[in-house]
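With the structure open in your viewer, please follow this tour one selection at a time. Each stop says what to select and then what is found there.

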Amino acid sequence: MKSFRDKRRDNRPPAKGRAELVRPQPAAAPVRPEAKRHETKPDDRFDPKPAPRLLARRDGALPAERLPVILEVAPNQDYALLDSGAGEKLEQYGPYRIVRPEGQAIWQKALPARDWDRADAIFTGDTDEEGIGRWRFPKMPLGETWPMKHDGIDYLGRFTSFRHVGVFPEQASHWDHMASLIAAAKRPVKVLNLFGYTGLASLVAARAGAEVTHVDASKKAIGWARENQEMAGLGSKPIRWIVDDAVKFAEREERRGSRYDIILFDPPAYGRGPKGEVWQLFEDLPGLTDLCRAILTPKPLAVVLTAYSIRASFFAIHALMRDTFAGMGGAVESGELIIREQSAGRALSTSLFSRWVA
């Protein structure tokens, strides 16, 4: 299923300037011959098309609740939100200062124009699924990728034609929480990462000692994720890279009896699977959430849902998660992921989240 991140749109006109507008051309990710056994494609020849999932409200006490929970990422040496305002954000990704659209930044910029003018890359134009947006490089043309780090894990930043850069730093709060659960379990832990994108969450889980299954409908994104695995020096870690529609994969896992201790899912507001499957968040999220419960182990650790680009309160997904995990105890924590700005200390909200924790 295509990531929602491919579908965000920004209809403002391109920024003025003499520098050339550049559309980065995706490079094929290098694949080691021995790594091919880790990438799996679905075999639909004997896969019956399932009937629509029947949902019913579950019996049992609702999990405890903690809300609102605000998970914050502060500036650090690898990433910083330098400033924001007037519909844009100024970020530092490793060596590069980057300007991108940000609809939530409805306040005014705190830093003077000269600080924004020092940007190495500026995203302009549209952000449609197939990438008609462009990067402008005011100083000099830059390559598609550059080396980055997260908590000691090496990976590649990437100028994509749909405005994103291969990592969502606000997710670091979830990554740290997941790593602590894996370490505290003191037993083998299986993690399922649905809509896994370029794989930072999968790499964090694998480094913490988990066996990871990473699913994304985009073959290109899987290639980037495997490239990141090699760059991080985690090639020997047990990660299955699977190109598939997230819902269909979860349905197969339910039928096969495959179970997971931790499930991460970061679904799009709207998307299409590799065979044209259509995903609509408000229509399809309840069924996928129910599927995630169905493929948990008898002693699960957590299920983490993140939702971007939707017109809703976190109370909506909070109620869905509590209903879905009724009778399982634990607690549901819901709120927002934010990034703390370096210039004026304002909080930029990036997404809603809800997680059930055993």
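**A tour of the salt bridges**

Begin with Asp-244, which is buried in this predicted model, its relative accessible area being 3%. Is Arg-252 buried or exposed? Arg-252 is buried, with a relative accessible area of 7%, because the cut-off for a buried residue is under 20%.

Before moving on, colour the protein by pLDDT, for which the mean is 87, with 84% of the residues reaching 70 or more. Over residues 1-37 the pLDDT stays under 50, although the model has 105 contacts beyond four places in sequence for them. Residues 127-131 also have a pLDDT below 50, and in the model this stretch has 19 contacts beyond near neighbours in sequence.

Next, select Glu-88 and Lys-109, whose side chains meet in a salt bridge with an N to O distance of 2.8 Å. Which parts of the chain does this pair link? Glu-88 belongs to strand β5 (residues 88-93), while Lys-109 sits in the loop between β6 (96-101) and α1 (113-116), so that the pair links distant parts of the chain, 21 residues apart. Glu-88 counts as partly exposed at 22% relative accessibility, and Lys-109 likewise counts as partly exposed, at 33%.

Then turn to Asp-323 and Arg-57, which form a salt bridge whose closest N and O atoms are 3.0 Å apart. Here, too, the pair links distant parts of the chain, for Asp-323 lies in helix α7 (residues 314-324) and Arg-57 in the loop between β2 (39-40) and β3 (64-73), 266 residues apart. A surface display would show Asp-323 as partly exposed, with a relative accessible area of 26%, whereas Arg-57 counts as exposed at 60% relative accessibility.

Technical notes:
Residues are numbered from 1 along each chain as its sequence is written. This is a predicted model: local features need pLDDT of at least 70, side-chain atom pairs count only at pLDDT 80 or more; totals for chains, interfaces and linings use all residues. Side-chain values use heavy atoms; hydrogens and water are left out. pLDDT is the predictor's confidence in each residue, from 0 to 100. Contact means heavy atoms within 4.5 Å. A salt bridge is a side-chain nitrogen of Lys or Arg within 4 Å of a carboxyl oxygen of Asp or Glu. Helices (H or I, at least four residues) and strands (E, at least two) are DSSP runs, numbered from the N terminus. Buried means under 20% relative accessible area, exposed over 50%, partly exposed in between (1.4 Å probe, protein chains only).
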